[in-house]
Each structure stands twice: as C-alpha cells, then as structure tokens.
Amino acid sequence: MGFAVLVLLISAAVLYFFVFSKNKNEKQPEVADLTVSSSSRQNDTFNLSVENMLNAYYAMSESFVNWDTAAIKKNATLFKSSLDDIPIDEFKADSVNIESVTRSINAIKSETEAIADDNNLQEQRGSLNVLSQALFGLLNNIKYDRAQIYYQECPMAFDDVNSGNWLSAQKEIRNPYLGTSHPKYKSGMLKCGSTKEIINFTSK
C-alpha cells in the first residue's frame with residue numbers, strides 16, 4: 001500500500017514538472033504600458049524656456065498678492081528677461097502662425113515694461129490683467145503641454161465692479177488684485193475669484 005502511494009506521488013511530481021516547464025517556456029501575453037507619454041509638440045529647449053517664463057510670471061503675480069511694490073518691479077524685470085530668452089526660431093509651427101506668437105510675446109513684453117516702470121499699483125494691476133489675457137492666448141496658441149495651468153478671474157478686481165484675470169499653477173485662489181493688504185478688505189478677499197478655464201494640453 002505504501003509503495004503504491006509512493007509511485008503515485010512520483011508520477012504526480014513528474015507530470016507537474018512537464019506541465020510547469022511547458023507553461024514557463026510559452027510566450028507570456030504582453031502587458032499594456034500605462035505609462036503617460038512624455039512626448040511634447042515642442043523641443044526641450046523651447047519647453048524649458050516657457051517653463052522658466054511661467055515661473056517668473058508666477059513670482060510676479062505673488063508679489064501683487066503681497067502688495068510688495070519692490071518685488072513687483074524686480075519680478076517684472078525678471079519676467080521680461082525670461083520672455084527675451086524664449087527661442088522663437090526653435091518653435092515648431094504646425095498650424096500656428098509664428099508671426100502671431102511673436103506679436104503676442106511683444107505685447108506681453110510691453111505690458112511687463114509698464115509694470116516695471118510704473119509706480120502706481122492700480123496701473124500696474126491693469127497691465128497685469130492685460131498681459132495675463134495675452135499670455136493665456138499665447139499658451140493656447142502654442143498648445144503648451146508641459147503643465148496644466150489655471151486661468152482665474154476676480155469679478156471685483158477694479159473698483160469692486162470690473163473683473164481681472166491671472167494665471168496660476170494651482171487650483172487654489174490667491175488673488176493678485178485684492179491680495180493680503182487691501183486698504184478696505186485687508187486679507188479678507190485673498191481667495192476671492194474662481195477658475196475660469198484650464199489650459200490642459202498635457203494628454204492631448
């Protein structure tokens with residue numbers, strides 16, 4: 001009886017060995033690659049220059065949030081410099097008119113120079129609004145696809161009745177028109193506003 005059980009166990013082991021070896025040698029089904037593609041419409045040099053420009057813009061916007069006039073001028077100058085560094089000649093134009101891109105950048109530079117040269121905070125905020133709208137158009141025009149960008153709006157940016165726009169890397173509202181030190185609202189309206197649109201070409 002014990003011998004029969006032993007033979008049975010040996011037979012089972014041999015059978016398992018052959019079946020396992022066969023399955024191991026067979027080609028396994030391919031697993032779908034779920035990694036998000038890192039490809040971009042533009043080359044690395046162009047994308048890096050736009051990224052640097054956006055970071056300079058965000059720093060300037062934060063200066064407005066803090067009512068820091070010295071930082072506003074300093075960051076406006078840095079922002080303009082970052083605009084100068086964008087290599088338009090390396091831009092890969094598909095359906096985009098490169099002359100339109102150049103015009104947008106020049107318009108943004110003009111408003112940025114006004115911010116750097118002006119001493120009137122209300123006038124500077126007016127220029128911020130104009131250049132932010134132009135920058136929103138530019139990023140949509142070139143279909144910037146390295147980051148998601150929030151286009152936000154304060155409905156009472158100017159004299160409590162006229163709206164103002166800005167761009168942000170974050171969904172959270174930090175209002176550069178009312179900010180932290182408003183003479184009437186103090187920091188009470190820092191989060192006044194909402195996201196109007198999202199620039200998102202990252203997965204398209």
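Ser127 is found in helix α5, where helices (H or I, at least four residues) and strands (E, at least two) are DSSP runs numbered from the N terminus. The structure is a predicted model, in which local features need pLDDT of at least 70 and side-chain atom pairs count only at pLDDT 80 or more, while totals for chains, interfaces and linings use all residues. Residues are numbered from 1 along each chain as its sequence is written, and side-chain values use heavy atoms, with hydrogens and water left out.

At 10% relative accessibility, Ser127 counts as buried (buried means under 20% relative accessible area, exposed over 50% and partly exposed in between, with a 1.4 Å probe and protein chains only). Leaving aside neighbours within four places in sequence, Ser127 is in contact with Glu111, Ala114 and Ile115; contact means heavy atoms within 4.5 Å.

The strands form an open sheet of three, in the order β2-β1-β3 and with antiparallel pairing. Two strands pair if DSSP finds at least two bridges between them. The edge strands, β2 (162-168) and β3 (194-199), each pair on one side only. Neighbouring strands of this sheet are turned by 30° against each other on average, direction ignored; axes are lines fitted to C-alpha atoms, for helices over the stretch in contact, and angles run from 0 to 180 degrees between N-to-C directions. Strand β1 (residues 149-158) is joined to β2 by six bridges, and Phe158 stands opposite Asn162 in β2.

Two helices pack on the sheet. Helix α2 (residues 44-65) touches β1 and β2, and its direction makes about 135° with that of β2. Helix α5 (residues 121-142) touches β1, β2 and β3, and its direction makes about 55° with that of β2.

Helices α2 and α3 pack at an angle of about 165°, with their axes 8 Å apart. The two helices are therefore roughly antiparallel, a term for angles over 145 degrees. Residues of α2 that meet α3 include Met53, Ala56, Tyr57 and Met60, and among their counterparts in α3 are Ile72, Ala76 and Phe79.

The largest nonpolar core holds 43 residues, of which Tyr57, Phe79, Leu135 and Leu139 touch the most other members. Such a core is a set of buried Ala, Val, Leu, Ile, Met, Phe, Trp, Tyr and Cys residues joined through side-chain atoms within 4.5 Å. At least two residues of this core come from each of α2, α3 (69-84), α4 (98-117), α5, β1 and β2. Helix α2 gives the most, with nine residues. Leaving aside neighbours within four places in sequence, Phe79 is in contact with Met53, Ala56, Tyr57, Met60, Ile108, Thr112, Leu131 and Leu135.

Methods:
Parallel < 35°, antiparallel > 145°, perpendicular 65-115°, else oblique.
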